[in-house]
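The sequence and model are shown first.

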Amino acid sequence: MNLEKILAISGKPGLYALKVQTRTGFVAESLVDGKKVTVSLKSNVSLLSEISIYTYEGEKPLAEVMKLIADKEDKGPAISHKEDNATLLAYFKEVLPNYDEDRVYPSDIKKILNWYNMLQGKGLVTDLAPAAAESAEETPVLEEEKKAAEKKVAEKKPAVKKTAKAEEE
């Protein structure tokens, strides 16, 4: 699983895996307890693949930051997000030395470490990779699926309606 399918839902604790899209929203499964929830389109939802961390050079995608944490911890758990702010800041400085200290708050670092530890606990840390590389790998599969769907549509013959004139002839 990659970060493309992992969600953070405002007002709900933990992370969720996107399962099915519906007309009014989507169904997501909690990574904490496995319960499925329906989420409306009005809810504030963030895909982890779309989140970036401010650095002095620009923005760094969350997947890359989590990969840095995984490398530092040898794919093991990181420090707890419940540590004091000074400890969290020092730890994050080791992981990402050039993060923008004015725009990345301790609450952001707590979320990142909490999310990392959740993913690590589920064994999903090994699947972390930048979204661009993953989407490039998935493109051929999507193209094949698209061609198969087009072929199915082409195979279906349109229904012929008999008109009154055709029936008379």
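## Residue Y56 and its surroundings

Y56 lies in the loop between β6 and β7 (58-61). Leaving aside residues up to four places away in sequence, Y56 touches N98, Y99, D100 and E101, where contact means heavy atoms within 4.5 Å. The C-alpha atoms of Y56 and R103 are 10.0 Å apart, although 47 residues separate the two along the chain.

## Basis of the model

The model is predicted: local features require pLDDT of at least 70 and side-chain atom pairs count only at pLDDT 80 or more, whereas totals for chains, interfaces and linings use all residues. Residues are numbered from 1 along each chain as its sequence is written, and side-chain values use heavy atoms, with hydrogens and water left out.

## The five-stranded sheet

An open sheet is formed by five strands in the order β4-β3-β2-β1-β5, with antiparallel pairing; two strands pair if DSSP finds at least two bridges between them. Its edges are β4 (36-40) and β5 (45-47), each of which pairs on one side only. From one strand to the next, the twist averages 45°.

Within this sheet, β1 and strand β2 (residues 16-21) run antiparallel and are joined by two bridges, and L7 has Y16 of β2 as its bridge partner. These two strands form a hairpin with six residues between them, and G11 in the turn has a positive phi of about 90°. Five bridges link β2 and β3 in the antiparallel sense, with L18 partnered by A28 in β3; the hairpin joining β2 to β3 passes through three residues.

Strand β3 (residues 25-30) is in turn joined to β4 by five bridges, again antiparallel. F26 stands opposite V39 in β4, and V27 has T38 of β4 as its bridge partner. Five residues lie between β3 and β4 in their hairpin, where G34 in the turn has a positive phi of about 80°.

## Packing of α1 against α2

Helix α1 (residues 62-72) and helix α2 (residues 85-95) have axes that come within 9 Å and cross at roughly 95°. Axes are lines fitted to C-alpha atoms, for helices over the stretch in contact, and angles run from 0 to 180 degrees between N-to-C directions.

V65, L68, I69 and K72 of α1 meet Y91, F92, E94 and V95 of α2 in this contact. By class, the contact has six nonpolar, no polar and two charged residues (Ala, Val, Leu, Ile, Met, Phe, Trp, Tyr, Cys and Pro count as nonpolar, Asp, Glu, Lys and Arg as charged, and the others, Gly among them, as polar).

## The largest pocket

The largest pocket has a volume of about 500 Å³, taken as the space filled by probe spheres set on grid points joined across faces, edges and corners. On a 1 Å grid over the protein atoms alone, a pocket is an open set of points where a 1.4 Å probe fits, with protein on both sides within 12 Å along at least five of seven lines; lining residues have an atom within 4 Å of a point.

Of the 22 lining residues, A8, I51, D108, K111 and W115 lie nearest the centre of the pocket. Two or more lining residues come from each of β1 (6-9), β5, β6 (52-55) and α3 (106-121), and α3 gives the most, with six residues. The lining comprises nine nonpolar, seven polar and six charged residues.

Terms used: Helix = DSSP H or I, 4+ residues; strand = E, 2+ residues; numbered from the N terminus.
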